[in-house]
Protein chains: 2
Amino acid sequence: MVGPMEGRGPFGAEFDWIMEDYLFGEETWEGSESKMLRETVRLAAGKAGLGEGDLDVIIAGELLNHLTASSKAAREISIPYLGIYGACSTMAEGSILGAMLVDGQYFEQVAVGAVSHHHTGERGPASPAALRHRAQPGAQWTVTGAGALVLTNDGKGPCITSATVGRVVYPDEEEADNAGTAMAPAALDTLLTHLQDTGKKPEDYDVIITGDLGKIGTALFREKCAAAGLDVASRHADCGVAIYDPSQNVNAGGRGCGSSAAMLCGPFLNRMAAGHLNRLLVIGTGALTSSRQLGEEIYMSIAHAVAIEA
Amino acid sequence: MVGPMEGRGPFGAEFDWIMEDYLFGEETWEGSESKMLRETVRLAAGKAGLGEGDLDVIIAGELLNHLTASSKAAREISIPYLGIYGACSTMAEGSILGAMLVDGQYFEQVAVGAVSHHHTGERGPASPAALRHRAQPGAQWTVTGAGALVLTNDGKGPCITSATVGRVVYPDEEEADNAGTAMAPAALDTLLTHLQDTGKKPEDYDVIITGDLGKIGTALFREKCAAAGLDVASRHADCGVAIYDPSQNVNAGGRGCGSSAAMLCGPFLNRMAAGHLNRLLVIGTGALTSSRQLGEEIYMSIAHAVAIEA
């Protein structure tokens, strides 16, 4: 599910649900964000042939303080709930946890979801950079979007085949003048660990997608990969860059949990289902903006990688 | 690890580390909170005969927005990190996730931690009730405390034998005049599910501990258990009540992630290690205070249960 602006982007036709307005029938943007997550989980459950009551547990998160939207969505769906926080890497974090909980046979049907909303993201403490530096080329636009997966052991559909939990990385000061460039070293760190742990090469994936590096972060990520001897540029797409058309005036592109959640669960998995894509590596990227609360000038970041195969 | 005030409480002698002051050598309370978590994880790793670099992953959370303290602690320990948010139920949520990740053989050594700090908790948006209603008998005092567990498959030490992931519960309006009473229905809901799923009775546990219901929430929880035909009162302890002496002027008792984290990892597990306690059920309780962001008057809540046996 995406908002009106994302619906006018290059992938607009490939999302299941485009909201007509930002309030989505609710009284507040926070209420709208919660409803987005709830409806996305319901939609995913329906596609898996399940009612929401058939789900064993929901793992979800967002950027709002204290997981306002996820908690309310979980209350309304009324099933066991595990709240997570990985900033914009939340969808990847949840997918990793969910895959282990299903594969280990602790739960049979696990829903994983993540959401962001432009109007809560741009006024909240998560985006001081967005507020202060709107005119700067590195600024990114919070995506209004949600995505949900239902993970089961039924052997149907795409499969999470491996994953890498990332560590928190503190970027070099001269490189981290915006969230996108601050996240590039975390994306590289996790990619290198993933390739080392699995013995794979970038060429083993049809596409490697990052969550929300944006244009400037993407350039830095590709440069760092090339310096590490990795052929990534030819098979890399950044969700935050891809979701908007250059004419949409979003500076460096999109950001937010909904960026990778909506692009993964919509366009990318649709293409896998249609047979156009077989091996996908999702690197969810998160700028841990709370660095600012600690009096630090630049963002620490994290990235988690999830391999999905047809 | 606990703060100076908790060190003067009835269990003071049973914690591993009592801080001399609230800044703990840092420049900010947030920095102090992060250091508490980091040092507690290091202490737990050391007790397990491990260096921090031997840990495969850390699962941690707190009440600070965007997991400021946990993210920084994870950066400094520099191992893979999964951030979680369960309000004051965070230690239980992390323990459940960690147990599955180890039991399923996805990781060998998992650290789980949670922290709260009085001075960040009482000024943050997580405690509007504490700020506004300090003089009310239902008000609770944010515990300065941290706890960490190292979970492994080595067969030594206490074992997590079963667990129940809770769902978000919205209390009856007339019962929820403070966070403690708002959490009581969630604690009951999870206890009932746990007993039903496992076929156990309260008598199968030596002690059932709740996280931070406080005095008034505890009374309501026991009343609800009795009404449901459960003999809980004789074997129930609430960490938020237990951690302070009545003379310490904390109204209804303690609250915060550190309440159950410090009491579980200190006094309760020490007693299990000493052979005085064999079967423990921890019900981590969390008031999802973000209800306020949604314009709601009372807290939605969640509780997760973890059974630990000697």
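1. Helices (H or I, at least four residues) and strands (E, at least two) are DSSP runs, numbered from the N terminus. Thr218(B) is found in helix α8 of chain B, which covers residues 214-227. The structure under review is a predicted model, in which local features need pLDDT of at least 70 and side-chain atom pairs count only at pLDDT 80 or more, while totals for chains, interfaces and linings use all residues. Residues are numbered from 1 along each chain as its sequence is written, chains are lettered from A and ligands numbered from 1 in the order in which they are written, and side-chain values use heavy atoms, with hydrogens and water left out.

2. The relation of the two chains comes next. The same surface serves both copies, since 100% of the contact residues of chain A recur in chain B; contact means heavy atoms within 4.5 Å.

3. As to the extent of the interface, 44 residues of chain A are in contact with 44 residues of chain B. The two chains bury about 4,100 Å² between them, with 63% of it on carbon and sulfur atoms. Buried area is the accessible area (1.4 Å probe) that two parts lose on being put together, summed over both.

4. Polar pairing across the interface was also examined. Between chain A and chain B, 20 residue pairs are in polar contact, both residues being at pLDDT 80 or more. The elements giving two or more residues to the side of chain A that touches chain B are α2 (29-47), α3 (68-77), β2 (81-83), α4 (90-103) and β11 (300-309) of chain A. A polar contact is a pair of N or O atoms within 3.5 Å; within protein, one must be able to donate a hydrogen and the other to accept it, and residues adjacent in sequence count only if both atoms are side-chain atoms.

5. The rule finds 2 salt bridges across the interface of chain A and chain B, a salt bridge being a side-chain nitrogen of Lys or Arg within 4 Å of a carboxyl oxygen of Asp or Glu. Glu296(A) pairs with Arg75(B), the closest N and O atoms being 3.1 Å apart. Glu296(B) forms a salt bridge with Arg75(A), with the closest N and O atoms 3.0 Å apart. This pair crosses between chains, from the loop between β10 (279-288) and β11 (300-309) of chain B, where Glu296(B) lies, to helix α3 of chain A, which holds Arg75(A). Both Glu296(B) and Arg75(A) are buried; buried means under 20% relative accessible area, exposed over 50%, and partly exposed in between (1.4 Å probe, protein chains only).

6. Over all chains the count comes to 25 salt bridges. One of them joins the side chains of Glu14(A) and Arg271(A) at 2.5 Å, N to O. The pair links distant parts of the chain, 257 residues apart: Glu14(A) in the loop between α1 (4-7) and α2, and Arg271(A) in helix α10 (residues 257-273) of chain A. Glu14(A) counts as partly exposed at 23% relative accessibility, and Arg271(A) is partly exposed at 32%.

7. Glu76(A) and Arg38(A) also meet through their side chains in a salt bridge (2.8 Å, N to O). Glu76(A) lies in helix α3 and Arg38(A) in helix α2 of chain A, so the pair ties together parts 38 residues apart in sequence. Glu76(A) is partly exposed, with a relative accessible area of 27%, whereas Arg38(A) counts as buried at 14%. In chain B, a network of salt bridges links Glu26(B), Arg38(B), Glu39(B), Arg42(B), Glu52(B), Lys72(B) and Glu76(B).

8. The largest nonpolar core has 163 residues, and those with the most contacts inside it are Ile58(A), Leu280(A), Ile308(A), Ile58(B), Leu280(B) and Ile308(B). Such a core is a set of buried Ala, Val, Leu, Ile, Met, Phe, Trp, Tyr and Cys residues joined through side-chain atoms within 4.5 Å. Not counting residues up to four places away in sequence, Ile58(A) touches residues including Val41(A), Ile77(A), Leu82(A) and Ala111(A).

9. Thr218(B) counts as buried at 7% relative accessibility. Gly9(B), in the loop between α1 (4-7) and α2 (29-47) of chain B, counts as buried at 11%. The C-alpha atoms of Gly9(B) and Ile243(B) are separated by 5.9 Å, although the residues are 234 apart along the chain.
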